[in-house]
Amino acid sequence: MSGLEELQGPAHAADPVQADAVLGVALMKPLVLICSQDVEFYLFLSHILEVDGFASEPAGGAKEALSLTDEREFQAVVLDCGPARITGSAICARLKREPRTGGLPVIALIAPGAENQHLDLLKAGIDESFVRPIAPAKLLDCLRTKLALPKPGSNGIADGGWLRCGSLEMRLDAHRVRGNGHDIHLGPIEFNMLRHFLEAPGKVFSRDELIAAAWPDNIHIGPRTVDVHISRIRKALKTASPGSVIRTVRSAGYSLDKPDG
């Protein structure tokens, strides 16, 4: 994908209390507060963060943001600064004034047409700002730098984040999918589902397993909805990577076929 604005649709928001077990040690995901009144923006941004190992929580304004910081230990804040919203600098100023949040890195994502907010954000103490659209990897690199986190790629996935099955490739940290060298554009739900298949080619996943992998826990999803998203993935693969086949296993679920040989 070329930038944040190209991602659309619901996403799998990360659970902030979820931990990954690595060598027997529970490692909590870095928790990021996303301040936005745009639900769709929060959903696709939380998906990008989750793919890279972060968790997130939404806040609609300064009051809610400060309330959440009393309840959770956040490591960073991302502000949605749109042309019709002038609250970004106000939220930043409030966060920077409070002792408990003054040291949090605050990053602004400024929508086209809202570039005039740069000066107000600087006065409010913003740590970094970007004009959208930007490459997801640029935002993620900024967060990792601010939080002194290691680069991804040490999790056993070859080449720093590529998953591969035949001619099908997925770059996790850049939210990019390719088939036979051609980009495949997927929404966050389809991306999560395809990632699940690519992590275990040939394995049959039930619809319930795919729902758990691709949707937030607090959203009810029916089995037929899974079928719709599988159909969308198949359509995308048929064009760019016809050798990549998601097989229906009757009464069991779906499986990504391994290439011959």
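Partly exposed means a relative accessible area between the buried limit, under 20%, and the exposed limit, over 50%. The model shown in these views is predicted.

**Figure 1. Thr-248 sits in strand β13 of the predicted model.** Thr-248 has a relative accessible area of 45%. Thr-248 is therefore partly exposed. Strand β13 covers residues 246-249. Look for the partners of Thr-248 beyond four places in sequence: they are Arg-234, Gly-253 and Tyr-254. Thr-248 and Val-204 are 44 residues apart in sequence. In space, their C-alpha atoms are 8.8 Å apart.

**Figure 2. Ser-251 lies in the loop between β13 and β14.** Ser-251 has a positive phi of about 65°. Most residues other than glycine have a negative phi. Ser-251 is not a glycine, yet its phi is positive. Is Ser-251 buried or exposed? Its relative accessibility is 78%, so Ser-251 counts as exposed.

**Figure 3. Leu-256 is a buried residue of strand β14.** The relative accessible area of Leu-256 is 1%. Which residues does Leu-256 touch, not counting residues up to four places away in sequence? They are Cys-165, Phe-197, Leu-198, Pro-201, Gly-202, Lys-203, Val-245 and Ile-246. Pro-201 is 55 residues from Leu-256 along the chain. The C-alpha atoms of Leu-256 and Pro-201 are separated by 5.3 Å. Cys-165, one of the residues touched by Leu-256, is itself buried, with a relative accessible area of 8%.

**Figure 4. Val-106 is buried in strand β6.** Strand β6 runs over residues 106-110. The relative accessible area of Val-106 is 0%. Beyond its neighbours within four places in sequence, Val-106 is in contact with Val-77, Leu-79, Cys-92, Leu-95, Lys-96, Ile-126, Asp-127 and Glu-128. Glu-128 is 22 residues from Val-106 in sequence. Their C-alpha atoms are 6.8 Å apart in space.

**Figure 5. Helices α2 and α3 pack against each other.** Two packed helices are described by the angle between their axes and the distance between the axes. Helix α2 covers residues 62-71, and helix α3 covers residues 88-97. Their angle is about 35°, and their axes are 9 Å apart. The crossing of α2 past α3 is right-handed. Ala-62, Ala-65 and Leu-66 come from α2. They meet Ile-91, Arg-94 and Leu-95 in α3. How do the residues of this contact of α2 with α3 divide? Five are nonpolar, none is polar and one is charged.

**Figure 6. Helices α1 and α5 pack at an angle of about 65°.** Helix α1 covers residues 39-51, and α5 covers residues 136-146. The axes of α1 and α5 are 11 Å apart. The crossing of α1 past α5 is right-handed. Leu-45, Ile-48 and Leu-49 come from α1. They meet Pro-136, Leu-139, Leu-140 and Leu-143 in α5. The contact of α1 with α5 holds seven nonpolar residues, no polar ones and no charged ones.

**Figure 7. A cis peptide bond joins Arg-132 and Pro-133.** Most peptide bonds are trans. For the bond between Arg-132 and Pro-133, omega is about 0°. Where does Pro-133 lie? Pro-133 is in the loop between β7 (128-131) and α5 (136-146).

**Figure 8. Cys-35 is buried and too far from Cys-81 for a bond.** A disulfide is a covalent bond between the sulfur atoms of two cysteines. How many disulfides does a search of the whole structure find? The search finds zero. The cut-off for a disulfide is within 2.5 Å. Cys-35 has a relative accessible area of 3%, so Cys-35 is buried.

**Figure 9. The protein as a whole has eight helices and 14 strands.** Buried residues make up 49% of its 261 residues. The accessible surface comes to about 12600 Å². Carbon and sulfur atoms account for 52% of that surface.

Note on methods. Residues numbered from 1 in each chain as written. Predicted model: local features only at pLDDT ≥ 70, side-chain atom pairs only at ≥ 80, totals over all residues. Heavy atoms only, no water. Axes fitted to C-alpha atoms, helices over the stretch in contact; angles between N-to-C directions. Helix = DSSP H or I, 4+ residues; strand = E, 2+ residues; numbered from the N terminus. Left-handed = near helix turned anticlockwise from the far one by under 90°. Contact = heavy atoms within 4.5 Å. Nonpolar A, V, L, I, M, F, W, Y, C, P; charged D, E, K, R; others polar. Buried < 20%, exposed > 50% of the residue type's maximum accessible area, 1.4 Å probe, protein only. Areas by Shrake-Rupley, 256 points an atom, 1.4 Å probe, with all protein chains shown as cover.
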